[in-house]
Amino acid sequence: MMKPFAYDLTFPGWKEWMKENQQPAFRAKQVMDWLYVKRVDAFDEMTNLPKDLRERLNETFRLQPLDVLTTQVSSDGTVKFLFGLHDKHAIETVIMRHQYGISVCVTTQVGCRVGCTFCASTLGGLKRNLSAGEIVAQVVQAQKYLDKTDERVKSVVVMGSGEPFENYEPTMDFIRIINDPAGLHIGQRHITVSTSGVVPNIYRFADEDWQVGLAISLHSPNTDLRSKLMPINRRYPLAELLDACWYYLEKTGRRLTFEYALIGGKNDQPEHAHELGKLLKGMNCLVNLIPVNYVPERDYTRTPRKQVFEFKRILDSYRVNTTIRREHGHDIDAACGQLRAKHSNVNA
Ligand code: SF4
């Protein structure tokens with residue numbers, strides 16, 4: 001059987017493991033410290049642990065799940081990593097710089113089976129789920145890169161390749177681990193999970209007792225168009241999705257984000273903006289407009305800048321809070337999945 005990764009365990013999980021291995025409880029805190037504060041690459045570097053414990057850890061766990069295959073740095077400071085996994089798959093992680101601090105965008109699955117038509121991640125289907133540790137390690141690696149310039153990851157968005165709510169438990173453990181004060185200690189309000197609309201797990205997420213943000217990939221103001229752009233809408237239609245969104249709003253008292261990718265000629269016309277404004281009017285939400293990147297495999301084009309502003313103006317008229325996403329790393333491969341798709345082609 002394959003060994004788990006050290007990053008797979010939550011802090012309570014380490015306490016449990018120490019107990020099962022007849023170790024004092026404080027060893028759990030020491031291991032967390034080596035993994036997340038000192039960020040070592042080998043158990044042998046954990047010098048305040050007894051040698052027999054280090055040997056036991058070595059026998060039981062693997063430490064580093066990720067090999068850095070490539071690191072691309074954009075002129076705006078965006079950094080995109082391509083990481084290799086133990087089974088030769090590759091995943092992407094992105095560091096973005098904002099006025100309010102540095103955020104990291106993580107991947108939760110190799111590929112994706114959801115099949116959004118504007119997304120490159122979906123082209124090869126789903127290969128496999130990532131473990132919690134394989135997601136955690138992306139943030140640790142990003143932080144190690146930033147250590148060189150004494151910078152710190154302030155926020156994390158779960159918006160890379162994959163549908164996090166189809167890999168629910170590992171994604172929730174990932175959040176618990178990076179949020180833990182004994183771990184990377186990233187505040188719950190600085191973590192956002194994005195889903196394409198896996199309705200049952202929106203209810204589950206709303207019932208988690210925490211302040212982690214939720215973003216919904218909406219991309220259409222009506223159910224027919226949404227089914228064309230996002231096949232998941234046939235499983236969980238727009239009306240059911242909105243019911244779940246209302247439940248989330250009432251249960252958490254938090255604001256919800258709706259992602260809306262503007263796709264030239266498909267969903268970016270003034271009538272779409274009016275329909276969307278009527279749909280979301282009165283909701284405690286923010287609409288994030290994303291001019292979609294050109295996907296070479298599909299015939300999708302970008303919405304002209306002027307039209308993006310007009311779309312926002314119409315939503316504003318319904319008092320729906322709207323922002324236009326600033327682009328990151330436009331000179332590298334910014335759309336999720338594009339770099340991995342290239343890597344797969346190279347290795348095909
Ligand atoms: S947009 Fe997200 S959910 Fe949709 S196919 Fe791409 S990775 Fe999957």
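The model is predicted, with local features requiring pLDDT of at least 70, side-chain atom pairs counting only at pLDDT 80 or more, and totals for chains, interfaces and linings using all residues. Residues are numbered from 1 along each chain as its sequence is written.

**Exercise 1.** State which residues of α6 are buried and how they are arranged about the axis.

*Solution.* 
1. Helix α6 covers residues 199-207, and V199, I202 and F205 are buried in this helix. Helices are DSSP runs of H or I with at least four residues, strands are runs of E with at least two, and both are numbered from the N terminus.
2. The buried residues fall within an arc of 110° seen down the axis of α6, so they line one face of the helix. The arc is that of the directions from the helix axis to the C-beta atoms.
3. The cover over these buried residues includes β8 (191-195), β9 (213-217) and α9 (238-252).

**Exercise 2.** Determine whether S194 is buried or exposed, and list its contacts beyond four places in sequence.

*Solution.* 
1. S194 lies in strand β8.
2. S194 counts as buried because it has 21 C-beta neighbours inside 10 Å.
3. Leaving aside neighbours within four places in sequence, S194 contacts V157, V158, M159, A215, S217 and E259; contact means C-beta atoms, placed from the backbone, within 7 Å.

Note on methods. Buried ≥ 20, exposed ≤ 12 C-beta atoms within 10 Å, placed from the backbone. Contact = placed C-beta atoms within 7 Å.
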